[in-house]
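Thanks for coming, everyone. Let me put the structure up, and then we'll walk through its pockets, its cores and a few residues.

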Amino acid sequence: MLRMLGRMGVLLAALVMAMGTVSVVSAPEAHAYNWTRTLRQGDSGADVRELQIRVAGYAAAGASRTALTIDGDFGPATEGAVRRFQGAYGLGIDGVVGPNTQSRLNWLESSDGSTRHFNFSEFHSKDGAGFNNGRVGASTVRENIRRLMYKLEAIRKKSGDRPITINSGFRSVSHNSAVGGASNSQHMYGIAADIVVSGRSVSQTIGYAQSSGFSGIIRYSTFTHVDSRAEYSYGSRAWYWAI
């Protein structure tokens with residue numbers, strides 16, 4: 001009897017371990033966006049708005065002063081961006097955001113709201129202010145940086161998955177002044193970054209940025225400045241490509 005109970009105990013322990021293993025594997029990722037429906041042209045809502053943020057870096061097929069409007073309405077421009085995103089990741093190109101496309105969109109997302117290849121800390125002000133003491137509040141800066149990251153993910157993909165170094169992201173007002181930044185620098189709002197794409201020239205980086213919805217692109221000798229100044233009420237509201 002004792003031997004039988006012992007065997008039952010072993011079997012029970014094995015079953016518990018197996019069940020635990022299965023639950024870990026099958027549990028959905030806590031950070032994954034909860035897409036509750038297939039999205040297509042004509043739809044609207046918060047989920048469409050989130051989709052637009054994530055495919056904004058595919059605003060155009062080539063160099064074009066075109067930015068995807070983040071308005072929650074799935075129109076032709078959003079469908080075009082979705083199609084280009086699908087093509088970039090080897091998905092079926094139909095402009096419809098079903099399970100496969102949604103899975104790839106979530107693959108790009110990290111648990112803290114950043115993206116797969118970028119961390120919020122990379123964009124912190126170099127004076128230790130984090131996302132504080134800018135022209136807008138820290139929570140707004142953080143959201144602006146999140147949106148910026150998805151555009152940079154697009155540049156990374158277009159470059160052949162080359163790593164990107166962030167020379168400068170958000171700047172506090174005092175840090176911007178200390179480094180000689182423009183009085184209304186887009187860096188102080190969290191909508192700009194100075195970047196270097198590993199193994200790619202400044203000219204090549206500019207080429208990627210020109211199809212990624214960046215309304216501000218400035219050539220420097222060793223890095224490229226990109227920003228979304230035309231999309232925000234506190235931005236310059238005009239396109240500026242000094243390339």
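Let's start at a pocket.

A word on what you are looking at. This is a predicted model, so local features need pLDDT of at least 70 and side-chain atom pairs count only at pLDDT 80 or more, while totals for chains, interfaces and linings use all residues. Residues are numbered from 1 along each chain as its sequence is written, and side-chain values use heavy atoms, with hydrogens and water left out.

Now the terms for empty space. Rolling a probe the size of a water molecule over the atoms shows where empty space is left. We work on a 1 Å grid over the protein atoms alone. A cavity is a set of points where a 1.4 Å probe fits but cannot get out. A pocket is an open set with protein on both sides within 12 Å along at least five of seven lines. Lining residues have an atom within 4 Å of a point. Grid points are joined across faces, edges and corners, and a volume is the space filled by probe spheres set on the points. For classes, Ala, Val, Leu, Ile, Met, Phe, Trp, Tyr, Cys and Pro are nonpolar, Asp, Glu, Lys and Arg are charged, and the others, Gly among them, are polar.

Next, the largest pocket. Its volume is about 210 Å³. It has 13 lining residues, and the closest to its centre are Ser185, His187, Ile218, Tyr220 and His225. Four of the lining residues are nonpolar, six are polar and three are charged.

Stay with His225. Where does His225 sit? It is in strand S4. Helices (H or I, at least four residues) and strands (E, at least two) are DSSP runs, numbered from the N terminus. Is His225 buried or exposed? His225 is buried, because its relative accessibility is 6%. Buried means under 20% relative accessible area, exposed over 50%, and partly exposed in between, with a 1.4 Å probe and protein chains only.

His225 has side-chain partners too. A polar contact of 2.7 Å links its side chain to that of Asp227. Another, of 3.3 Å, links the side chains of His225 and His187. A polar contact is a pair of N or O atoms within 3.5 Å; within protein, one must be able to donate a hydrogen and the other to accept it, and residues adjacent in sequence count only if both atoms are side-chain atoms.

On to the cavity. How many cavities of 30 Å³ or more does a search of the whole structure find? One. The largest cavity has a volume of about 90 Å³. Its lining includes Ile53, Arg147, Glu231 and Tyr232. H5 gives the most to that lining, with four residues. By class, the count is six nonpolar, two polar and three charged.

Ile53 belongs to the buried residues of H2. Helix H2 covers residues 46-55, and eight of its 10 residues are buried. What covers them includes helix H3 (76-88), helix H4 (99-107) and helix H5 (138-158).

Now the cores. In soluble globular proteins, nonpolar side chains tend to be buried together. A nonpolar core here is a set of buried Ala, Val, Leu, Ile, Met, Phe, Trp, Tyr and Cys residues joined through side-chain atoms within 4.5 Å. The largest has 28 residues, and those with the most contacts inside it are Phe123, Ile145, Leu152, Ile155, Ile195 and Phe214. H5 gives this core its largest share, six residues. A second, separate core has 21 residues, among them Ala81, Val82, Phe85 and Ala154.

One more residue: Gly235. It lies in the loop between strand S4 (224-227) and strand S5 (240-242). Gly235 counts as buried, because its relative accessibility is 10%. Leaving aside neighbours within four places in sequence, Gly235 is in contact (heavy atoms within 4.5 Å) with Gln186 and Arg229.

Last, the whole chain. It has seven helices and five strands. Of its 243 residues, 47% are buried.
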